[in-house]
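I want to see how the chains meet, then what sits inside.

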Amino acid sequence: MALEVTNLVGGYSQIPVLHQVTFDVQPGELVGLIGLNGAGKSTTINHLIGLLQPFAGSIVLNGHNIQTDPVSYKEQIAYVPEAPVLYDELTLREHIEVTIKAYHLNSEQAWQRAQKLLKTFRLDNKLDWFPADFSKGMKQKVMIVCAFMTDEKLYIIDEPFYGLDPLAVQDLLNLIEQKKQQGAGILMSTHVLDTAEKYCDRFVLLNSGHVTFKGSLQAMRAANNDQSASLNDIYLSMAKGDRHE
Amino acid sequence: MNSLFKERRQKHFLMLLKYWRLVFNDHFVIALFFLFGALAYGYAQWLPSIPAHNVWIELLLVIFMTVIAQLGRLATLVKTADPIFLLPETSRMKTYFRQSYGYSLFLGAIISLVGLVVALPLASVTSRTSSWTIALLVIVTLFVKSGWLNLSYLQLSMSQSQNPYWRWLKWIGPVLVWGITWLLSPVAGLCLSLLWLIITSWLVRSNSAINWRVAVTAERNRMSTVYRFFNLFTDVPNLQGRVKRRSYLNFIVNWLGQQSVWRFLYGRGLIRNTEISDLVFRLTLVMAAILIFIPITWLNSIIMALALYLIAAQLIPLYDQFANNAFSYVYPTTKDEQYYDFQIVFRKVMVIVAIWLAICSIGIHLRIVQVLINVIIAVIEVPLLTTNYLKYRIAKIEK
C-alpha cells in the first residue's frame, strides 16, 4: 500500500494535459518524475496535492482517496513546491507553528525535529525573520524544513535543487535517505539527472502528458538497448524524438 | 516615440474605465453616497454658525487647499521594462514626459477645482467673495497645481532625485501661496503663485534628464494607490499590501487566534498586512469622528448602521488573503473549518469596532440616548453581518 495514481486525466481548464497517467510510489522508495518542460510534471503534482480536480481516474494514498476523503489523504502528505511559497505575514517560527497546527503534530517533538533541521540548514538564528528578509535559497530551505519536520507517509518534492547551494543539496539528499529508511515514500520531480540517476530507485518518464516509461535505470537501459547509457543519454534521445522539426 | 504616450494613455483609460464600471455597480457606492450626503448636510448646517473674519476658519482653508494640492500625482505611465527597452531612446523621451505632464495637469486641475468648489461656501462666509475674487482663486488653484507637478517632475530628474528638499517644498509652496491668498489678499496670492510657477518651470527646464529607476518606482507606487482605491469596491488581482511586524500589537494577534491553523493565519494576516487593517482602522476613525460631530439623532443612527456595514464589507476580503498560497490547499483542513475560523476572527473585530463607534456617538454634547440607540443598532446589525451577510459574501468569493 502506498500512493496509487490510476488512469489520471487532468489539467487546468477543460482541455486535459494529463492522459491516463498511471504510476505508484511504494513505502521506502524514491521515485523520480522526469520529463521535458511542459511534459506535465507540475500538473501531476498539483493533482497529487489537491490543487487541481481530476477529470477522471483516481489518486489513492494508503486507502484514502483524495476526492472522497481529502482530509485523511492530506494528513499523510508533505509538499516542497518548485518555487518557495511562504506566508508573507508569518515569521519563520510561525511557519513552523502553522505546520504543527495543520498536521496536529506533538508540539514538543515537532519542535525538536525542527530545531535539528534548522541547524542543518543554518536557519536556527533566523527564527523571527519574515520571508521578505530571506534569499531565494533560504526560502527554499524553509520549505524543506517545514515539510521534513512532519512525519508523513509520502513526501512530494517538486524540483528541489534550484537555488540551493551544494551543501544544502547534499543535506537534502541525506534527509530524503533518512525518510526512506523510516519507510516513507518520496516522489521527486527534477531536471538534475545525474543526481536523480544516483539516488532514485525508480523513474516515471512523462512526455506530453503520457507516461512513456516506468521502472528502474536497468529496465530503462534495457528498453533503449544500451547497457551503459546514463539517464542523461536516455533523456536526451527521448528529447530529440520529441523535438518539433 | 510621439505616439507612445498616447497609446499608453488610451490603454490606461480603458483599464480605468473597466474598474469604474465595477465601482458604480457595487452597492458599496450607494452607502458612500449616503455618507457624502450626510456630510454635505452637516456642512450646510454648520455654515450659518460661523462668524465673519474668523482667523481659525481662514487657517482651516489654508490647510484644506494645501492638502487638496497634494492630490493628483504626476502620472508618467512609465513601465518597469522601460529602462531596458527605451534606453537608446532616452534623449528623445522629452516629448513623452511633456505629454505625461499635460495629462497629469488636466486630471490634477479637476481635483483641485473640485476642492475649491467645496471650500468656496466656507470662504464666502468668512469674507466677501465677488465673482472677480472667485476668478482669481481659480487661477491661483491652477498655478499652484501646475507648480506642484513641476516639482514632482523635478523629483524624477537625474540631478535632483536624491534631493529631499523638493518633497518639503511641495508642501511649503502651497502653504505660502494659500496663506497669503486667504489671510492677506487674493491678488497678492496670485502674484506669489505666478512666481512659484515661473521658478518651478525654470527648475524643470534646467534639470530635464530623467532618472529611470526613480521614475519607475514612483509610477509603480502611484499605480498601487490607484489599485488600492479600486480595491475598495472590487477585487483587484495581484494587489499585495506591505507587511509590518507591529510587535506592539502582538496581544491583539494572540487574542484573535492561536488555536487553529486558520485563526492563526487570519489573526496575523489582518494585523501585519497593511492592506486591510489600515483600511479598517482608518474607516473606523473617520466614522467615529463623523458620529462625534453629527448631533441629529436619526442621521447619527443611519451613519452608525452604514459605518458597521462599510467596515464589515472591507474586512471580508481577508477571507481570501491566502488563496494563492498552495499550502492553503495542501494542509489537511476543510472549507468549513476555514469559514468557521474566519467567522470568529471577523466577529471579534466587528464587536470591537461596534463598541468603539457606540462610545464615540456620545458626541460633544454627551447624548446618552444616542449611545443607547446606536448600541441597539449594533446588537441587531453585527450578528446579521457576521452570519447572513458573511455567508452571502463568501459564497460570492468561492464562486
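Entry 1, the contact. I looked up who takes part where the two chains touch, keeping in mind that this is a predicted model. Chain A brings 21 residues to the contact, and chain B brings 19. On the chain B side, the elements that give two or more residues are α11 (261-272) and α14 (327-330). The largest share of that side comes from α11(B), with 6 residues. I also sorted the chain B side by class and got 11 nonpolar, 6 polar and 2 charged residues.

Which residues touch the most other members of the largest nonpolar core? I found Val145(A), Ala147(A), Ile156(A), Ile186(A) and Leu357(B), in a core of 108 residues. Helix α15 of chain B (residues 335-360) gives the most to this core, namely 10 residues. I then picked Ile156(A) and listed what it touches, leaving out residues up to four places away in sequence. The list reads Ile45(A), Leu48(A), Ile49(A), Ile77(A), Tyr79(A) and Leu187(A). There is also a second, separate core of 36 residues, and I noted Val78(B), Tyr153(B), Leu154(B) and Val204(B) among its members.

I went to Met223(B), which I found in helix α9 of chain B (residues 212-231).

Key: Residues are numbered from 1 along each chain as its sequence is written. Chains are lettered from A and ligands numbered from 1 in the order in which they are written. This is a predicted model: local features need pLDDT of at least 70, side-chain atom pairs count only at pLDDT 80 or more; totals for chains, interfaces and linings use all residues. Helices (H or I, at least four residues) and strands (E, at least two) are DSSP runs, numbered from the N terminus. Two residues are in contact if their C-beta atoms, placed from the backbone, lie within 7 Å. Ala, Val, Leu, Ile, Met, Phe, Trp, Tyr, Cys and Pro count as nonpolar, Asp, Glu, Lys and Arg as charged, and the others, Gly among them, as polar. A nonpolar core is a set of buried Ala, Val, Leu, Ile, Met, Phe, Trp, Tyr and Cys residues joined through C-beta atoms within 7 Å. A residue is buried if 20 or more other C-beta atoms lie within 10 Å of its own, exposed if 12 or fewer, and partly exposed in between; C-beta atoms are placed from the backbone.
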